[in-house]
Amino acid sequence: MTANPWPVSIYGLLVAAFLLLPWLAQSFRTRSGSEPGERWIGLLLVAGACLLAFLRGWELIEASILLALSAAGRGLVPLAGAAAAALLFAPVTWWLRESGISQAQFLLFIGLCLGLAVLSRRAQFAVQDAGRPTLTMRTELILVGAMLVLGLGAGLLTGAANEHESVLRAWHHWGAYISPVSALLAGGVPFRDFPVQYGMGPTLLIAATCPMGCWTGLYGLTVAANALELAAFGWSLLLLTRRLDTPSRMLALAAQACAMLVWTGYPLDWGGAIMTPSVAGMRFLPLVLLLTLIITAEHGPRSPALPRRLAVSGHLLWFLGLAWSPENAFFASLLWWPYLALRRADMGARGRDAWLNLIRGGLTGLAAVVAGYAGLALLFRLIFGDWVRLSDFLLYLRNPPGAMPVNALGPIWFVAAILLLAARALSSAQPASGRRVLYACLLATLAALSYYLSRSHDNNLLNLLPFLLLVLIAAQALFPSQFVTGFVRAALVAVVAFSATISFHPWTIFPGSSGVAGLQVGPAALTMRFTPSLKLPQPLLAPDAAGAFDDLHARGIDAILLFDDRMLLPLGEPAASWTAVNNLANFIPLPDADIARYIRRSAAVYHRPGWIVLKRKDYGHWLALFQTAYGVTEERRYGSYSDYYLVPRDPL
């Protein structure tokens, strides 16, 4: 997935190791009668955390010390665990290297640490004597409902997103979803006439909302998906902590809410989780729902076999992932079929029989994927009249956007530490249900981690924090040593306390937008600026580009595309689209040969003329690509930009 083969190779080895770990651990225990040691893991994590802090120049050491003291609880061993977590978590705050931390933010951080210290000292993360749930089912459902409402409210209120860069970020990321929708509604065939970056699931859902406006529909779907994801994570966490003390459960819930609502909002320039749909529900919701179903099943009535109702629901959610996108097909298959294999193995199989269950499960999953895609391909043929080429279907897996060198001193080591603790916990001879829950959480996290490979900025590990917190809680339940408990407490406190260091914008009402009781609600204030114009109260783009758009709009021209550094898709009527190559953000990762092919397909399928506004110095080669299928009949210059009227050539 990346130019450098090492990250992919290491990831593949990790996935293989964790897939086989329950079976390998059982064989090891059968032969040796012992379990892997515990003390060396603590020593390794403390030494590694100190070395990382040294190599980073002891950045944020004061904050790390305060954090460790706040979360340590009682005793030196929990303090060592908390110190390791604090030092390993510090690199997660990558934005502080660029923006620093203000005095007010540091004071807020201190206040949060002191307040959380009171809660964390009472959070023992120990099973209560009675072993019964510490909250009633009604209370748990109320908490889940509150998280759903919180998620909806966080998306509906958009006043923090009015800052210049936040609007541009939303425009850029939303456009990547709208691009294939516009091409579809204009009459194109997916994959043949245009690429589908985020899969057919989101594309068809957005297209279904376009009668109310595609951009508004995307916004509504993003808000709903994010809120459902938050509620599903909250329910899973409540199940995982059901027998723990109430302070532990509240600390975990607070951290999970911050991970979803705050940390996914681009901390350097926070505008809310809706700014980037691809970092939360629109990408991960099918996976999260399947994981939630598994955790729910494991906390239901004890039964050797998975109840039929839950098994059918799981298969349906797996198929949803298959249909959602190629990426989600990998997510769901990596989680569902190995989990079923482990569940069968836990029904009494040992030794050779257990390994046969794994092989049988793998073959069953492979057959299901082939059969599922065969059915989807046939359905696609019936609807669109064409077959999908495998190379087109996997186009973005072959050409991932955003691949970067992994930061060797960054937050990847916090993730590695969690995986190490989880591996030790999964290797223990603990109750089968607990091992299966941790196994499912690990596989879901490893599946989501593939997202980081193709978009390997440190920030994209932050988007996986909700998964990592589930792994930590599930691992601590199987490996409840004092060191691990201190580590878990510090990680949870860090997620909440370091929220104070994020660059939040003051709440505003954009001029000309509607507000409710002084609050800006909904996407109108954002989408009204998704067209370059000098007439807006706060123009977003270069005056040359905005002037070109204003002149074309004055002539009654609407279907205009923009090719410059911002990589944006201007507002327009989707049905009037004249080319599928309509947004640089979708096409920059692709080879020129594929881009030219889609340009030629657009000229043949749509056969409509259209306008582009282009920055000549840096994007002139895009005009050359269009000229393989279009002729330029008009050109006007606006400083460093030009607009061109392109007319499709008649096919030879």
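The following conversation works through selected features of a predicted model.

Student: What should I know about this model before we start?

Tutor: It is a predicted model, in which local features need pLDDT of at least 70 and side-chain atom pairs count only at pLDDT 80 or more, while totals for chains, interfaces and linings use all residues. Residues are numbered from 1 along each chain as its sequence is written, and side-chain values use heavy atoms, with hydrogens and water left out.

Student: Let us begin with cysteines. What is a disulfide?

Tutor: A disulfide is a covalent bond between the sulfur atoms of two cysteines. Here a pair of cysteine sulfur atoms within 2.5 Å is counted as one.

Student: How many disulfides does that rule give?

Tutor: The count comes to 1 disulfide. Cysteine 210 is joined to cysteine 214, with an S to S distance of 1.9 Å.

Student: Which hand does that disulfide have?

Tutor: The disulfide of cysteine 210 and cysteine 214 is right-handed, because the torsion about its S-S bond is about 120°.

Student: Are those two cysteines buried or exposed?

Tutor: Cysteine 210 is buried, with a relative accessible area of 15%, and cysteine 214 is buried at 7%. The term buried means under 20% relative accessible area, exposed means over 50%, and partly exposed lies in between, using a 1.4 Å probe and protein chains only.

Student: Changing topic, how do helices α12 and α19 pack?

Tutor: Helix α12 (residues 281-298) and helix α19 (residues 432-454) pack at an angle of about 175°, with their axes 9 Å apart. That makes α12 roughly antiparallel to α19. Angles under 35 degrees count as roughly parallel, over 145 as roughly antiparallel, 65 to 115 as roughly perpendicular and the rest as oblique.

Student: How are the axes and helices themselves defined?

Tutor: Axes are lines fitted to C-alpha atoms, for helices over the stretch in contact, and angles run from 0 to 180 degrees between N-to-C directions. Helices (H or I, at least four residues) and strands (E, at least two) are DSSP runs, numbered from the N terminus.

Student: Which residues of α12 and α19 make the contact?

Tutor: On α12 they include Phe284, Leu287 and Leu291, and on α19 they include Val437, Ala440 and Ala444. Contact means heavy atoms within 4.5 Å.

Student: Now α13 and α15. At what angle do they cross?

Tutor: The axes of α13 (residues 308-324) and α15 (residues 352-384) cross at roughly 60° and come within 10 Å. That makes α13 oblique to α15.

Student: Which residues meet there?

Tutor: Trp318, Phe319, Leu322 and Ala323 of α13 meet Ala368, Val369, Gly372, Tyr373 and Leu376 of α15.

Student: Where does threonine 222 lie?

Tutor: Threonine 222 lies in helix α10 (residues 214-240). With a relative accessible area of 1%, threonine 222 is buried. Neighbours within four places in sequence aside, threonine 222 is in contact with Ile274, Pro277 and Met282.

Student: And where is serine 577 found?

Tutor: Serine 577 is in the loop between β3 (560-563) and α25 (584-587), and serine 577 counts as buried at 12% relative accessibility. Leaving aside neighbours within four places in sequence, serine 577 is in contact with Ser182, Ala186, Tyr606 and Arg608.
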